[in-house]
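Student: Hi! Could you walk me through the charged side chains and the packing in this one?

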Amino acid sequence: MKVGVVKEIKPDEYRVALTPAGARELVQSGHEVVVETGAGEGSSFPDDAYTEAGATIAPGDQVWASDIVLKVNAPTTDELGRLSDGAIVVGTATTDAGAAA
């Protein structure tokens with residue numbers, strides 16, 4: 001299974017959905033892990049840490065083409081449009097608590 005880790009686009013979001021240690025676990029379990037360039041930088045995980053764990057670093061379009069996409073925040077409408085048919089997104093589902101009912 002191809003597992004993608006995308007870079008978060010929300011302002012002031014520094015988290016990443018998968019650490020290099022998690023990437024290593026997935027690779028050792030037989031999965032292909034593809035991490036978007038710079039996805040871990042805000043959490044002090046450079047691209048090299050992911051490649052040392054066995055993951056591949058790639059541009060966003062290649063990562064969004066994964067079977068499973070890992071993300072911290074809920075995907076935007078534009079991001080959902082980048083998913084392949086049948087892909088699964090694993091992330092946080094949030095609502096706009098400040099919106100009027």
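Tutor: Happy to. Let me start with a cut-off: a salt bridge here is a side-chain nitrogen of Lys or Arg within 4 Å of a carboxyl oxygen of Asp or Glu, and buried means under 20% relative accessible area. Keep in mind that this is a predicted model.

Student: Good. Which side chain of opposite charge is nearest to Glu-36, and how far away is it?

Tutor: That is Arg-82, at 5.6 Å. The cut-off is 4 Å, so Glu-36 has no salt bridge, although it is buried.

Student: What's around Glu-36, then?

Tutor: Glu-36 sits in strand E2, residues 32-36. Setting aside residues up to four places away in sequence, it touches Val-5, Val-6, Lys-7, Asp-47, Ala-58, Pro-59, Gly-60 and Val-63.

Student: Asp-47 is on that list. Is Asp-47 buried or exposed?

Tutor: Asp-47 is buried, and it has no salt bridge either. The nearest side chain of opposite charge is Lys-7, 8.2 Å away. Asp-47 belongs to helix H2, residues 47-52.

Student: Which backbone nitrogen does the side chain of Asp-47 reach?

Tutor: The one of Gly-38, at 3.0 Å. Beyond four places in sequence, the contacts of Asp-47 are Glu-36, Thr-37, Gly-38, Ala-39 and Ile-57.

Student: Switching topic: how many salt bridges are there?

Tutor: The count is 4. One of them joins Asp-61 and Arg-82, with the closest N and O atoms 2.7 Å apart. This pair links distant parts of the chain: Asp-61 is in helix H3 (residues 60-64), while Arg-82 is in the loop between helix H4 (77-80) and strand E5 (88-90), 21 residues apart.

Student: What about Arg-15, which residue does it pair with?

Tutor: Arg-15 forms a salt bridge with Glu-13, and their closest N and O atoms are 2.8 Å apart. Arg-15 is partly exposed at 48%, whereas Glu-13 is buried at 16%.

Student: Which residues are linked in a network of salt bridges?

Tutor: Glu-8, Lys-71 and Glu-79. Within that group, Lys-71 bridges to Glu-79 with the closest N and O atoms 3.4 Å apart. Both Lys-71 and Glu-79 are buried.

Student: Okay, rings now. How many aromatic pairs does a search of the whole structure find?

Tutor: It finds 1. The ring centres of Phe-45 and Tyr-50 are 6.4 Å apart and the planes are at 80°, so the pair is edge-to-face. Phe-45 is partly exposed, at 25%, and Tyr-50 is buried, at 0%.

Student: Last topic, the packing. How many residues has the largest nonpolar core?

Tutor: It has 13 residues, and Ala-23 and Val-35 have the most contacts inside it. Strand E1 (2-5), E2 and strand E4 (68-70) are the elements that give two or more residues to this core.

Student: What does Val-35 touch?

Tutor: Leaving out residues up to four places away in sequence, Val-35 touches Val-5, Tyr-50, Ala-55, Thr-56, Ile-57, Ala-58 and Val-63. There is also a second, separate core of 7 residues, including Val-6, Val-34, Trp-64 and Val-69.

Terms used. Residues are numbered from 1 along each chain as its sequence is written. This is a predicted model: local features need pLDDT of at least 70, side-chain atom pairs count only at pLDDT 80 or more; totals for chains, interfaces and linings use all residues. Side-chain values use heavy atoms; hydrogens and water are left out. Helices (H or I, at least four residues) and strands (E, at least two) are DSSP runs, numbered from the N terminus. Buried means under 20% relative accessible area, exposed over 50%, partly exposed in between (1.4 Å probe, protein chains only). Lys and Arg count as positive and Asp and Glu as negative; His and the chain ends are not counted. Contact means heavy atoms within 4.5 Å. A polar contact is a pair of N or O atoms within 3.5 Å; within protein, one must be able to donate a hydrogen and the other to accept it, and residues adjacent in sequence count only if both atoms are side-chain atoms. Rings of Phe, Tyr and Trp (its six-membered ring) pair if their centres lie within 6.5 Å; planes under 30 degrees apart count as stacked, over 60 as edge-to-face and the rest as tilted. A nonpolar core is a set of buried Ala, Val, Leu, Ile, Met, Phe, Trp, Tyr and Cys residues joined through side-chain atoms within 4.5 Å.
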